[in-house]
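Student: I would like to work through this structure step by step. Can we go by question and answer?

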Amino acid sequence: MGKREELIAQYADDLKAKCGVTPDMDLLTKVTIGCGPAIYNADASTVASSQPEELETVKNNFLIKKLGLTDGPELMAGINEVIETYGKSERNKYRAVVYYLLTKHFGKEAIYG
């Protein structure tokens with residue numbers, strides 16, 4: 001098993017254990033690949049949900065640029081809902097898991113079709 005497969009398995013475990021979500025492994029794999037080399041960098045692989053500028057980056061670079069959503073208050077509301085699902089007290093929120101949950105939340109799975 002390669003490093004990426006190990007990370008995908010770890011993300012799937014997080015989705016099941018911490019979010020109560022049974023992951024669509026195909027979508028999770030595609031979202032993880034879409035994160036690129038960031039998944040291998042300790043800092044870039046997680047989302048610092050307590051930092052407003054980090055959440056703005058998720059909104060602008062992922063929701064608007066990648067998923068093609070229009071900016072509005074519902075984007076930040078969606079991010080906050082996903083952070084709540086993951087658990088605010090959870091220290092390591094993996095970027096791929098957050099992006100997966102956001103993709104599902106906004107019904108944008110077709111982007112990865």
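This is a predicted model: local features need pLDDT of at least 70, side-chain atom pairs count only at pLDDT 80 or more; totals for chains, interfaces and linings use all residues.

Student: How many residues does the largest nonpolar core have?
Tutor: Look for the residues with the most contacts inside this core. They are Tyr-11, Leu-63, Val-97, Tyr-99, Leu-101 and Leu-102. The core as a whole has 33 residues.

Student: Which helix gives the most to this core?
Tutor: Start with the contributors. H1 (3-19), H2 (25-34), H3 (52-66), H4 (73-86) and H5 (95-105) each supply at least two residues of the core. The top share is 7 residues, and the helix that gives it is H5.

Student: Which residues does Tyr-99 touch, leaving out those up to four places away in sequence?
Tutor: Tyr-99 is among the core residues with the most contacts inside the core. Its partners beyond four places in sequence are Val-31, Cys-35, Val-58 and Phe-62.

Student: Are H1 and H2 parallel or oblique to each other?
Tutor: Take the angle. H1 and H2 pack at about 120°, with their axes 10 Å apart. Angles of 65 to 115 degrees count as roughly perpendicular, and over 145 as roughly antiparallel. H1 and H2 are therefore oblique.

Student: How many residues in the contact of H1 with H2 are nonpolar?
Tutor: H1 passes H2 in a right-handed crossing. H1 brings Arg-4, Ile-8, Tyr-11, Ala-12 and Leu-15, while H2 brings Met-25, Leu-28, Thr-29, Thr-32 and Ile-33. Sort them by class: 1 is charged, 2 are polar, and the nonpolar count is 7.

Student: How many charged residues are in the contact of H1 with H5?
Tutor: These helices pack at about 65°, with axes 9 Å apart. Tyr-11, Asp-14, Leu-15 and Cys-19 of H1 meet Ala-96, Val-97, Tyr-100 and Leu-101 of H5. Of these residues, 7 are nonpolar and none is polar. The charged count is 1.

Student: Is H3 roughly parallel or roughly perpendicular to H4?
Tutor: The axes of H3 and H4 come within 10 Å and cross at roughly 110°. Angles of 65 to 115 degrees count as roughly perpendicular. That makes H3, relative to H4, roughly perpendicular.

Student: What is the handedness of the crossing where H3 passes H4?
Tutor: See who meets whom. Leu-55, Glu-56, Val-58, Lys-59, Leu-63 and Ile-64 in H3 meet Leu-75, Met-76, Ile-79 and Asn-80 in H4. By class, that gives 7 nonpolar, 1 polar and 2 charged residues. The crossing is right-handed.

Student: Is Phe-62 buried or exposed?
Tutor: Phe-62 lies in helix H3. Leaving aside neighbours within four places, its contacts are Thr-57, Leu-67, Tyr-99, Leu-102, Thr-103 and Tyr-112. Buried means under 20% relative accessible area. Phe-62 has 3%, so it is buried.

Student: How far apart in space are Phe-62 and Leu-102, C-alpha to C-alpha?
Tutor: The two residues are in contact. In sequence they are 40 residues apart. In space, C-alpha to C-alpha, the distance is 9.1 Å.

Student: Which residue is 57 residues from Ala-38 in sequence and 8.5 Å from it in space, C-alpha to C-alpha?
Tutor: Ala-38 is found in the loop between H2 and H3. Beyond four places in sequence, Ala-38 touches Ala-44 and Ser-45. The residue at 57 places and 8.5 Å is Arg-95.

Note on methods. Residues are numbered from 1 along each chain as its sequence is written. Side-chain values use heavy atoms; hydrogens and water are left out. A nonpolar core is a set of buried Ala, Val, Leu, Ile, Met, Phe, Trp, Tyr and Cys residues joined through side-chain atoms within 4.5 Å. Buried means under 20% relative accessible area, exposed over 50%, partly exposed in between (1.4 Å probe, protein chains only). Helices (H or I, at least four residues) and strands (E, at least two) are DSSP runs, numbered from the N terminus. Contact means heavy atoms within 4.5 Å. Axes are lines fitted to C-alpha atoms, for helices over the stretch in contact, and angles run from 0 to 180 degrees between N-to-C directions. Angles under 35 degrees count as roughly parallel, over 145 as roughly antiparallel, 65 to 115 as roughly perpendicular and the rest as oblique. A crossing is left-handed if the near helix is turned anticlockwise from the far one by less than a right angle, and right-handed if clockwise. Ala, Val, Leu, Ile, Met, Phe, Trp, Tyr, Cys and Pro count as nonpolar, Asp, Glu, Lys and Arg as charged, and the others, Gly among them, as polar.
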